[in-house]
Amino acid sequence: MSENKPQSDLFESLRSTWEGCSVLLDINDGDRLVFARLSAGATLKIGNKNCSLQPLLGCPFGSFFRVENGTQGPYLSRYTPSTEGNNVLEKGDGQSIDELRDNRALVDNNKAQSLTGEDINEMRRLGATGDEIVEALIANSATFEKKTVFSQEKYRLKKQKKYAPIVLLRRPFTRSICEAYLKKYPTRIGFLRMDTLSLLLSMANVSANSDVLVVDMVGGLLTGAVAERLGGTGYVCNTYIGGSPYPMDIARIFNFGDEICKRIVRSPLTDLFSVQNGLQKPVSQDSDSCNMESQSNDRISSPVSMEEVSLASENVITDLIPESTSSPVIKMSKPAKLGEKAPQEIISSWKEHGFSCLIIAAPELDTWSLVKEIFPLMSNSAPFAIYHQYLQPLATCMHNLQLGKMAIGMQISEPWLREYQVLPSRTHPCMQMNAFGGYILSGTKISPN
């Protein structure tokens, strides 16, 4: 299959993989998250085994794979997981059958397991599967039958992750990408949580045929999320200050087709304010622009390579960037181009009608200076949403907008999210959660006096 899917195959591309597409590999239920680009020669190291990713080609997203030992070495085999994994047998009164059993008499002295490492290696040499090794460990455990049902499940799951790791093939879209980066490398996306990103899109009223102006300093996640919601209609213009555009590496993971990629454009702020387009940049804002430009260039001068991070720890997300000059594990296939310079006729149209909405996620820049400079580009009654990790920059911006009578309906929101574990007899809020989702300033621009 071709690396760039035609528009007629849009729905099919959402279901199955093809050569050159990006995928998110979820290993052992979130223990490790890896972004990869599929090809016939692509490989992935799982534990101490190198497995080819070729079996993943043509498979539906959501498929499960397990590492198996073959005559040619380890390989990924597709399988259907059991639905009995987290079920606990219960009596008619709702109490578990092991209500009188507990773990108080169990002592962790490493003497309960009679199966040695040499025995396990011998089973591997004889071609035993991961499930067979796990069952042998359970059969040779002197304390397994004395454990509670919950403890038995935890023991089985722990051994399964080690000897029979499971790989879930996930489609990279806004939610999966945002959650993966937030879990493994949150600074790359400015600690932007998924519910916060959803509120940004909703408060800015991003909808079909909108012309959205974004200032994206969160790796391209915001640009990709807007383009995904637009669905090939309207435009998303990623503007920047200075001569170097902000990185958009994450937006390339979305597997956008050519039609959507054409709608993702870049333009420096100076071009949007150019004299030939009819707008003269206010002279009083030159100092603010220089200040923001120096801040943005400091950020871009030393970009963080995700491949370098992956060398330090295998549990960190591997972001395979096409422009990288190093030699990554996964073979590269050139994706569809996105982020081309905005055509002059499109800029002229924006000058005449203004942008439909504005979204800013630029923690590195001064919020008020940036908003003051960008606001003239928006059409009247256009909604805006600004994300920041801290409250004070947004409070200052809101106060100045009120004084200047530049916007109405302004509010600062703090998103709140509680994740629950839902299992039989074990439904409760998760023990470890992200307690803070940043702040969002939203409102509507009004016509100046």
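1. Basis. The model is predicted, so local features need pLDDT of at least 70 and side-chain atom pairs count only at pLDDT 80 or more, while totals for chains, interfaces and linings use all residues. Residues are numbered from 1 along each chain as its sequence is written, and side-chain values use heavy atoms, with hydrogens and water left out.

2. Five strands form an open, antiparallel sheet in the order 2-1-7-5-6. Strands are DSSP runs of E with at least two residues, helices are runs of H or I with at least four residues, and both are numbered from the N terminus. Two strands pair if DSSP finds at least two bridges between them. Strand 2 and strand 6 (73-79) stand at the edges with a single partner strand each, so one side of each has no neighbour in the sheet. On average, neighbouring strands of this sheet are turned by 35° against each other, direction ignored. Axes here are lines fitted to C-alpha atoms, for helices over the stretch in contact, and angles run from 0 to 180 degrees between N-to-C directions.

3. Strand 1. Is strand 1 (residues 22-27) enclosed or open? Six of its six residues are buried, so strand 1 is largely enclosed by the rest of the structure. Buried means under 20% relative accessible area, exposed over 50%, and partly exposed in between (1.4 Å probe, protein chains only). Ser 22, Leu 24 and Asp 26 point one way from the strand, and Val 23, Leu 25 and Ile 27 point the other way.

4. Strand pairings. Strand 1 pairs with strand 2 (residues 32-37) in the antiparallel sense over six bridges, and Leu 25 stands opposite Val 34 of strand 2. The pairing of strand 1 with strand 7 (residues 166-170) is also antiparallel, over four bridges; Leu 168 in strand 7 is the bridge partner of Asp 26. Strand 5 (residues 64-70) and strand 6 pair in the antiparallel sense over seven bridges, with Tyr 79 of strand 6 as the bridge partner of Phe 64. Helix 5 (residues 174-184) lies across strand 1, strand 2 and strand 7, running at about 125° to strand 2.

5. Asn 28. This residue is found in the loop between strand 1 and strand 2. The hairpin of these strands has four residues between them, and Asn 28 takes a positive phi near 55°. Asn 28 is buried, with a relative accessible area of 10%. Leaving aside neighbours within four places in sequence, Asn 28 is in contact (heavy atoms within 4.5 Å) with Gln 160, Lys 161, Pro 165 and Ile 166.

6. Helix 6 and helix 7. Two packed helices are described by the angle between their axes and the distance between the axes. The axes of helix 6 (residues 194-203) and helix 7 (residues 221-230) come within 11 Å and cross at roughly 55°. The two helices are therefore oblique to each other. Angles under 35 degrees count as roughly parallel, over 145 as roughly antiparallel, 65 to 115 as roughly perpendicular, and the rest as oblique. The contact involves Leu 197, Leu 200, Leu 201 and Ser 202 of helix 6 and Leu 221, Leu 222, Ala 225, Val 226 and Arg 229 of helix 7. These residues divide into seven nonpolar, one polar and one charged. Ala, Val, Leu, Ile, Met, Phe, Trp, Tyr, Cys and Pro count as nonpolar, Asp, Glu, Lys and Arg as charged, and the others, Gly among them, as polar.

7. Surroundings of helix 6. Met 194, Asp 195, Thr 196, Leu 197, Leu 200 and Leu 201 are buried in helix 6. The buried residues of helix 6 pack against helix 5, helix 7, strand 12 (357-361), strand 13 (383-388) and strand 17 (439-445). Just after helix 6, Asn 205 takes a positive phi of about 55°.

8. Helix 13 and helix 14. The axes of helix 13 (residues 367-374) and helix 14 (residues 392-403) come within 8 Å and cross at roughly 40°. On the helix 13 side the contact is made by Thr 367, Trp 368 and Val 371, and on the helix 14 side by Pro 393, Leu 394, Cys 397, Asn 400 and Leu 401. Six of these residues are nonpolar, two are polar and none is charged.

9. Pro 429. This residue belongs to strand 16 (residues 428-429) and counts as partly exposed at 28% relative accessibility. The C-alpha atoms of Pro 429 and Glu 419 are separated by 5.9 Å, with the two residues 10 apart along the chain.
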